[in-house]
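Here are my quick notes after looking through the model. Have it open while you read.

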Amino acid sequence: MAVVKLKAKVEMSKHVDAHAAPAVEAGAAAAVQKNLPLLPRYAPQLLAALRYVVPPALGLVLFVLLWAQISTLSGLPGPVKTWDSAQQVFGNPFYQNGPNDQGIGWNVLHSLARVAIGFGLAALIGIPFGFMIGRFTFLNRMSAPIISLLRPVSPLAWLPIGLYVFKEAQPAAIWVIFISSIWPMIINTAVGVTRVPQDYLNVARVLRLNEWKVFSKILFPAVLPYMLTGVRLSIGVAWLVIVAAEMLTGGVGLGFWVWDEWNNLNVEHIIIAIFVVGIVGLLLEQALVLVAKRFEYQG
Amino acid sequence: MEQRYVLLENVQKVFDTRSGRFVALRDVNLAVRQGEFVSIIGHSGCGKSTLLNLISGLTESSGGVLVCAGREIAGPGPDRSVVFQNHSLLPWMTCFENVYLAVERVFKSQEAKADLQRRTHEALELVGLVHAAHKYPHEISGGMKQRVGIARALSMQPKVLLLDEPLGALDALTRAHLQDEILRIVAATGCTTIMVTHDVDEAVLLSDRIVMMTNGPAATIGQILDIDLPRPRQRLELLQDPRYLCLRGEVLRFLYERQDRAA
């Protein structure tokens, strides 16, 4: 919650900064000339900023009200009770009372570490593989049936396979992240490679560039935006799956925490966990959107 | 001067399409002198771009012989550089880097980095774009992009410069401006040039000879017209030159009387 509000504030201030500067000068000039009162000079900017801030704020308020209403009807912890509990949880995020009782900070970090390893391995294998099947039609046709067959499989169906092969919960959870987040990266990279404009490849042919130059100067930059879309989808999937995987495998992590608190019937903590999962997912997504913007090009 | 610098003998191109064999070009015979400017003109679909692609090597011929500077044409190469219709600059590189990529490819084995940069600079100077060297393609106008394309092609010091409707996508004023520019550049470099165009004035203004194509399918060269107007040529002076009007009329007659087609 706090983070969401903070983000809204940042957006608001950005907006004001971007649009206010020239208008303020003009407004100042006008004020000198006509000696207008201070307030109306900023009124248009204020209104514009409000237009960006009011709807999300209203949405959040309505959401909290609805939540409060539902909580009185169903007995779920309401916003106030959850807020109190959250203050305790976040008051000491890095305590350690043995393996099954650790602070929220540790849980988030452990989950992130698992996602990073599983997702990193998937990127390491999926992206080069995507390049290859995009570049070589034979390989594409060869792998197409396997990809179409395996891609729709529910991530958790892979868990028993992982447990059987690795005999341990930790690598099995990473395996689930790996297998479920690899597909968007393979597919988007491959699509990106096939969409590289023929003109660019003709340039490469006329210059008779070697394979490495073709890759580094033409293929890679052209495919990068597609690849990053794949990466963004993948990290979304990985973060979706981690909670479910940890619920089943245990160990420190958000999923395990949710399950543990369910066993303790500490529903406030479950609700807090849901918010934490949502916010971390949002931050991951936004970080990758920023990275993708950095590498966008205009054709 | 080599009389048969670029030589095409009985060239044909057949495409295998889903509805069977499609003969695009047949019996194309042409010899281009070294330093000559030849335009290929014809209605759309007459295979003029296909012919250029055969010379560039981007498309493989189905029969006949293609020779450039005494060597058979087998695949594309930097000795026959192409200016593409849609500029084909790489959008993630600046103008300088786009040209440098070509320079580096051709001269890296013989020259130091400073020389390569000097060549790139000179190529951009030739098209009058030094001031935009560090801009990205999306930051400059269509005409400027095409000039960078020309700079890239010329920077490789090609044996033959191939222009594939280089000004087709530009507005009339920019187009006229760039025609003058090409006129100047060709005079300065003396590069053998083959240009595909569908603009009659452009062809007459720039060329030493105009190759007029019959309509496809199975298109071939219908007539070759010598443009014996003296150089340097001035656009406005030519407009009052009866020889210019006569040559222009001859191309138009070929296109609209002998090869007229319902659009």
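1. Start with chain B: strand 6 runs parallel to strand 7 (residues 160–164), and 4 bridges join the two. Strands here are DSSP runs of E, at least two residues, and helices are runs of H or I, at least four residues, numbered from the N terminus. Two strands pair if DSSP finds at least two bridges between them. Val83(B) has Leu163(B), in strand 7 of chain B, as its bridge partner.

2. A word on the source: this is a predicted model, where local features need pLDDT of at least 70 and side-chain atom pairs count only at pLDDT 80 or more, while totals for chains, interfaces and linings use all residues. Residues are numbered from 1 along each chain as its sequence is written, with chains lettered from A and ligands numbered from 1 in the order in which they are written.

3. Those chain B strands belong to an open sheet of 6 strands, order 6-7-8-3-9-10, with mixed pairing. At its edges sit strand 6 (80–83) and strand 10 (221–226) of chain B, each pairing on one side only.

4. Now look at helix 9 of chain A. The helix bends by about 50° at Leu224(A), and Pro225(A) follows within four residues; the bend is the angle between axes fitted to the seven residues ending there and the seven starting there. Just after this helix, Gly250(A) takes a positive phi of about 80°.

5. The contact between the chains takes 15 residues from chain A and 17 residues from chain B, counting residues whose C-beta atoms, placed from the backbone, lie within 7 Å. On chain A's side, helix 8 (198–207) and helix 9 (211–249) each supply at least two residues, and helix 8 gives the largest share, 7 residues.

Methods. Two residues are in contact if their C-beta atoms, placed from the backbone, lie within 7 Å.
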